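Please open the structure in your viewer and keep the selection panel at hand. The tour moves from one selection to the next, with a short account of what is there.

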Amino acid sequence: MKIVSVVGARPQFVKLAPVARALDAAGAEHVIVHTGQHYDAAMSDVFFDDLAIPVPDVHLGVGSLRHGAQTGAMLAALEPVLAGSDADWVLVYGDTNSTLAAAVAAVKLHLPVAHLEAGLRSFNRRMPEEHNRVLTDHAADLLLAPTGTAMAHLASEGLSARSVLVGDVMTDVCLRTRDQVADRPSPVPEDLRESGYVVATVHRAENTDDPQRLAAVCEALAQLPVPVLLLAHPRLVARAREHGVPLDRGRVRVSPPLPYPQTVAALVGARAVVTDSGGLQKEAFLLRTPCVTLRTETEWTETVDLGWNVLAEPADLPRALAGLDPAPTDATPYGAGDAASAVATALAARRVTARV
Ligand code: UD1
């Protein structure tokens, strides 16, 4: 069985790590294509190194462009790569522009497409990620869903026959990394650890692109009565500079993005997380650190239902943070950490040789 994985952005490298390991264990031939959507060493290379992911076989070097130009450049660059690939499956991950470009490039070549992390919905049609998910799910031949909620969304869109519940592969890598870093020194400065810190990340277009919204988010972080370790995504840094919004106000300590193991360690030691990232909301839950999400909706509704995640507007952040008091739980809505082997099994079981 030959699988071509197409990745390009930071969360996709995290998802790729356990999948690459499981495909290797299953004896599959696995080709990795990197679109180049994320290109800074801290956003890309360190993930391959730390998570022991094989070096990509092909790097397209597309880089940052406007949405249409970026997606189009990837589509054009992927076509000749996929055309000669003879893949049993083109495997696409999550909801980025790289996901959509790879799905469209593959279907136009009649190559079977499998979508990992299928069925997530925010129902917010202003998010670029929501379009990427919906379009990719409807183009794909196999929908690998992380949760029962995702399976229900796929069913309501008439996609049940193509859907398989595999669990969440980010859980595999998160729990494994938690155990690996348990006895390593903390990456968080001692003074922050002593007073009890919050980890914050902000990168979504809806929080960074509008100057007023960005100022409100940064103001809310600056108002917090505890130290805030702000892991600053390049988009946040770029937009803050462009809009003249300072990041390092109040007790906010700005840090470059951390490698994955250090991120997990920082989350384990934090008193809370404030984020707009999908992955971080879930990782916070898995590591049992309470979370406030600066969005009006979430795809990972289980974290909210179980009381470990609260959605808040920036102005409500201090109150939301102070009110966090989740009940202990041993619920496993994202699986037991063995989703990647279920992915390999589903790909083998549903293997198709050609598309009509
Ligand atoms: C993308 C995904 C988002 C995902 C996120 C994870 C889309 C539409 N969005 O958002 O779903 O949650 O990745 O990080 O695909 N930049 C750098 N260096 C890099 C990468 C980006 O400086 O290595 C800067 C550039 O200024 C760029 C901006 O970040 O303009 C945004 O990058 P882009 O790839 O458009 O999307 P993200 O915001 O990272």
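A polar contact, as the term is used on this tour, is a pair of N or O atoms within 3.5 Å, where, within protein, one atom must be able to donate a hydrogen and the other to accept it, and where residues adjacent in sequence count only if both atoms are side-chain atoms. Please bear in mind throughout that this is a predicted model.

Begin by colouring the two domains separately: according to the domain assignment, domain 1 takes in 2-168 + 336-353, while domain 2 covers 178-322. The C-alpha centres of domain 1 and domain 2 are 26 Å apart.

Next, select the residues where the domains meet, which are 22 residues of domain 1 in contact with 17 residues of domain 2. Between them, domain 1 and domain 2 bury about 1,600 Å², and 60% of that area is on carbon and sulfur atoms. Between domain 1 and domain 2 there are also three salt bridges, and one to display is that of R133 with E299, whose closest N and O atoms are 3.1 Å apart. Five residue pairs are in polar contact between domain 1 and domain 2, counting pairs with both residues at pLDDT 80 or more.

Now hide domain 2 and look at the side of domain 1 that touches it, to which α1 (10-25), α2 (45-50) and α5 (128-139) each supply at least two residues. The largest share of that side, three residues, comes from α2. Sorted by class, the side of domain 1 that touches domain 2 consists of nine nonpolar, five polar and eight charged residues.

In what order do the seven strands of the open sheet stand? The order is β3-β2-β1-β4-β5-β6-β7, and the pairing is parallel. At the edges stand β3 (58-59) and β7 (163-165), each with a single partner strand, so one side of each is left without a neighbour in the sheet. Zoom in on strand β2 (residues 29-34), which runs parallel to β3 and is joined to it by two bridges; here H34 stands opposite H59 in β3.

Finally, turn to the salt bridges, of which the structure holds 20. Select E117 and K15, which form a salt bridge with their closest N and O atoms 3.1 Å apart. Because E117 lies in the loop between β5 (113-116) and α5 whereas K15 lies in helix α1, the pair ties together parts that are 102 residues apart in sequence.

Notes
Residues are numbered from 1 along each chain as its sequence is written. This is a predicted model: local features need pLDDT of at least 70, side-chain atom pairs count only at pLDDT 80 or more; totals for chains, interfaces and linings use all residues. Side-chain values use heavy atoms; hydrogens and water are left out. Domain bounds come from an automatic or database domain assignment. Contact means heavy atoms within 4.5 Å. Buried area is the accessible area (1.4 Å probe) that two parts lose on being put together, summed over both. A salt bridge is a side-chain nitrogen of Lys or Arg within 4 Å of a carboxyl oxygen of Asp or Glu. Helices (H or I, at least four residues) and strands (E, at least two) are DSSP runs, numbered from the N terminus. Ala, Val, Leu, Ile, Met, Phe, Trp, Tyr, Cys and Pro count as nonpolar, Asp, Glu, Lys and Arg as charged, and the others, Gly among them, as polar. Two strands pair if DSSP finds at least two bridges between them.
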